Amino acid sequence: MASRSLGGLGGNRGGGGGGGRKSLSARNAAVERRNLITVCRFSVKTLIDRSCFETIDDSSPEFNNFAAILEQILSHRLKEISQSCRWLAHLQIPLQGQVTWFGYESPRSFWDYIRVACRKVSQNCICSIENMENVSSSRAKGRAWIRVALMEKHLSEYISTALRDFKTTRRFYEDGAIVLGEEANMLAGMLLGLNAIDFSFCLKGEGLDGNFPAVIDYTPYLKFTQSSDSISSDEEELRTLGSSGSESSTPENIGPPFIMDENSWFNKCKRVKQKYQLTLEQKGYLEELLRLRENQLSESVAQNKILLQRIEDSDLAHKLEKEQLEYIIVELQDQLKSCQSLDQLSAEVSLSQTSLDPGQSQGDGKQDTLNLISEVMLGHSEKTAVCEPGNGPSPDSESSGTLTLDFPVSRTVKKILPHYLVSVGL
C-alpha cells in the first residue's frame, strides 16, 4: 500500500512537472516571436531613416542587421530536411546536398521554402538565383534572394505570396513558427515600407557567405531609462568605484561621471548638418515650384481675360448682324407685298380690257390704267419712300399726258412697269 501511494505521488509530481515545462516552452516561444517581430520593425524604421541621407548597400550596418533579423524570422522553427524529402522528390524539385540514408548532408535553410512557395510570383527571380555560379550553398542563395528582392522592390510581395500558400508553409515549419502565427501578417505589412528605398548590392561580396550564421545586433534598439524611485544612481555608483580605487581620493577630486565621446558627437552633428542641408534643398525646390505655379496662374488669368473680351466682342457682333438681318427681312417682305399688289393690278386691268369693247373704250381704258397705276405707286410711296421737307408735286402733274413720281421706286417695280406699259400699248 505504501509503495502504491508513493508511486501515485511520484506520478502526480511527474505530470505537474510536464505541464510546467510545456507552459514554460510556450512562454519562451511567444517571447521569442515577439522579440523578433519587434526588432524587425525597429530595423525597418532605421533603414528608412538611413536612406534619407545615404544609399543603402552591403556596407550599411542597418541593412546587415535587417538581413540577419529577416533570416532569423524565416528560419524560426524550420523543420529538418529529412522530414519532407519524400514530398520534394515527388514534386521533382532539386535539393542542395547529397542524399544519404539519414537525410541530407547540408542543413535546411529558408531558401528551400522560398523557392517552392514563391514560384507563383510573376517575373520572379528564383531561377536567376538558382543559376548563379558564385553562390553554391542554400543559405547563401537565400541571402542573395533577400538582396535581389529588395532591389526589385518586391520583398513584401514575395513574403505575402509565400504566406498565402498555407499548405506549403505547414510542410516546412513546425507549430509555433512565426510564419504560421498572427505575426506573419504584421511581417508582410512592415516590409511594404522598404519599397520606397533604392538599394544597391553586390552579389559577389562577402555578405553572401553561407558558412556562418547571421547574428543580430540588439544594441542599437536597446534603451534603458532609470526610474526616479531608484535607490542608487549612476553618479553615486561612479563615486563609489572611484573611492574604492584609492583611500585618499575624495568625491570632490573625482571627474565628471559622464564622458562624452567626440566621435559620437561628431557623427550626430554631421547627421544634423546633412538633414539641415536636405531641408534647405527641399525648401529651395518648393519655393521654385511655388514661383513657377504663380507664373502659370498669372498667365492663365491673363488668357482668361482675353478670352472673355473676345466672347463679349463676338456677342456684340452677333447682335449687330442679327439686327441687320432683321431689317433686311422686313425690307424684303415690303418688296414682296408690292410685287403682289402689282400682279393683282395687272390681273384686274387685263380683266377690264377683256370685258370692254376695244374700239370704244381703248382711250378710256388707257386713261383708267394710268390712273390706277398712279394710285398704286402713290400708295407704295407713302409706305416705303421718305420725302424731304419742302418738296412738292411737279407742276406738270395735273396734265394727263405725263406722269411724274417724286419718290424712290424699288428695283422690282422699275423692272416690271416698262414691260407692263408695253403690254397695254402705252
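Hi everyone, I'll walk you through the core and some salt bridges of this predicted model. Residues are numbered from 1 along each chain as its sequence is written, and side-chain values use heavy atoms, with hydrogens and water left out. As the model is predicted, local features need pLDDT of at least 70 and side-chain atom pairs count only at pLDDT 80 or more, while totals for chains, interfaces and linings use all residues.

Let's start inside. A nonpolar core is a set of buried Ala, Val, Leu, Ile, Met, Phe, Trp, Tyr and Cys residues joined through side-chain atoms within 4.5 Å. Buried means under 20% relative accessible area, exposed is over 50%, and partly exposed sits in between (1.4 Å probe, protein chains only). The largest core here has 60 residues, and F66, W145, L155 and Y173 touch the most other members.

Now, salt bridges: a side-chain nitrogen of Lys or Arg within 4 Å of a carboxyl oxygen of Asp or Glu. The structure has 12 of them. In one, D58 pairs with R147, and their closest N and O atoms are 3.1 Å apart. At 26% relative accessibility, D58 counts as partly exposed, whereas R147, at 4%, counts as buried.

So which residues are linked in a network of salt bridges? They're D112, R115, E130 and K141. Within that group, R115 bridges to D112, with the closest N and O atoms 3.7 Å apart. R115 also meets E130 in a salt bridge, at 3.5 Å from N to O. R115 is buried, with a relative accessible area of 1%, and D112 is buried too, at 3%.
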